Amino acid sequence: MANAALKLISTIFILVFLSSFIIPGRNCQEFSRKLSKKEFGLKREKLSHLHFYFHDIVSGRNPTAVRVASAAMTNTSSSLFGAVVMMDDPLTVGPNMTSKLVGRAQGIYASADLNELGLLMVLNFAFVERKYNGSTLSVLGRNKVFSAVREMPIVGGSGIFRFARGYALAKTHYANLQTGDAIVEYNVYVFHY
């Protein structure tokens with residue numbers, strides 16, 4: 001009897017063990033699978049418009065953007081080609097620095113054009129305001145600085161902006177060519193759940 005029970009348990013174990021290789025499941029190692037929006041709690045997609053001002057301060061005692069790298073030719077280049085700047089710029093409701101803080105622009109911009117001031121922007125808009133607190137939007141794109149309006153893609157986000165996609169329109173509100181300080185108005189249009 002004990003021998004029969006042992007044989008039955010062994011058979012069941014072998015079947016379970018082998019079926020784990022044959023029947024794909026959630027715990028197996030697979031490269032991809034189709035998911036439903038319900039599995040992630042995703043509801044109807046929304047389109048939001050965010051409006052704020054970006055304060056890029058490179059001069060003075062408390063800069064919010066600092067050059068962290070440059071090429072041998074950067075200072076002789078008309079476009080500052082090769083300059084890499086790290087930023088933690090305040091985002092405010094209005095163009096004045098004393099207006100309400102809604103977040104920060106954190107990331108890098110680099111001069112990536114030999115002929116004109118064209119920046120590669122790699123940054124997160126990290127929000128601190130109301131329902132957006134703790135959420136981010138990620139920007140990756142080209143900023144042709146002297147164009148009246150620049151469009152850059154929103155390539156993702158976190159928090160309330162998980163699965164985000166859209167674009168940001170940047171328009172210079174103020175620029176001091178002597179110091180390099182600038183205030184840029186942003187209108188961001190983003191789809192999210």
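I'll start with a salt bridge: the side chains of Arg130 and Glu129 meet in one, at 3.9 Å from N to O. Arg130 is exposed, with a relative accessible area of 67%, whereas Glu129 is buried at 15%. Salt bridges that share partners also join Asp113, Glu116, Arg142 and Lys144 into one network. Before I go on, please keep in mind that this is a predicted model.

How many salt bridges are there? The count comes to 8. Another of them is between the side chains of Glu45 and Arg165, at 2.3 Å from N to O. Glu45 sits in the loop between helix 1 (2-22) and strand 1, and Arg165 sits in strand 8 (residues 165-175), so this pair ties together parts that are 120 residues apart in sequence. Glu45 is partly exposed, with a relative accessible area of 28%. Arg165 also counts as partly exposed, at 41%. Then there is Glu30 with Arg33, whose side chains form a salt bridge at 3.6 Å, N to O. Glu30 has a relative accessible area of 36% and is partly exposed; Arg33 is partly exposed at 41%.

Now the overall layout. The protein chain has 1 helix and 9 strands, and from the N terminus on the order is α-β-β-β-β-β-β-β-β-β. Of its 193 residues, 34% count as buried. If we take contacts between residues at least 6 apart in sequence, 48% of them join residues at least 24 apart. The accessible surface comes to about 12600 Å², and 60% of that belongs to carbon and sulfur atoms.

Next, the aromatic residues. The structure holds 11 aromatic pairs. One of them is Phe52 with Phe127, an edge-to-face pair with 5.9 Å centre to centre and 70° between the planes. That pair links distant parts of the chain, with Phe52 in strand 1 (residues 46-56) and Phe127 in strand 5, 75 residues apart. Phe52 is buried, with a relative accessible area of 1%, and Phe127 is buried at 6%.

Phe52 has another ring partner, Tyr186. Their centres are 5.8 Å apart and their planes lie at 15°, so this pair is stacked. Since Phe52 is in strand 1 and Tyr186 in strand 9 (residues 182-192), the pair ties together parts that are 134 residues apart in sequence. Both Phe52 and Tyr186 are buried. Ring pairs link Phe52, Phe54, Phe125, Phe127, Tyr132, Phe161 and Tyr186 into a cluster.

Thr136 lies in strand 6 (residues 136-144). Is Thr136 buried or exposed? At 17% relative accessibility, Thr136 counts as buried, because the cut-off is under 20%. Its side chain makes a polar contact with the side chain of Ser158, at 2.6 Å.

Last, the surface. Which residues form the nonpolar patch? They are Val66, Val68, Met86, Ile108, Leu120, Val122, Leu140 and Val155, with about 620 Å² of accessible area together. Strand 2 (65-69) and strand 5 (118-127) are the elements that give two or more residues to this patch. Whereas Thr136 counts as buried, Leu140 counts as partly exposed, at 42% relative accessibility.

Notes
Residues numbered from 1 in each chain as written. Predicted model: local features only at pLDDT ≥ 70, side-chain atom pairs only at ≥ 80, totals over all residues. Heavy atoms only, no water. Helix = DSSP H or I, 4+ residues; strand = E, 2+ residues; numbered from the N terminus. Buried < 20%, exposed > 50% of the residue type's maximum accessible area, 1.4 Å probe, protein only. Polar contact = N/O pair within 3.5 Å; in protein donor to acceptor, adjacent residues only side chain to side chain. Patch = residues over 30% accessible without salt bridge, like charges linked within 9 Å, V, L, I, M, F, W, Y side chains within 5 Å. Areas by Shrake-Rupley, 256 points an atom, 1.4 Å probe, with all protein chains shown as cover. Salt bridge = Lys/Arg side-chain N within 4 Å of Asp/Glu carboxyl O. Phe/Tyr/Trp six-rings, centres within 6.5 Å; stacked < 30°, edge-to-face > 60°. Contact = heavy atoms within 4.5 Å.
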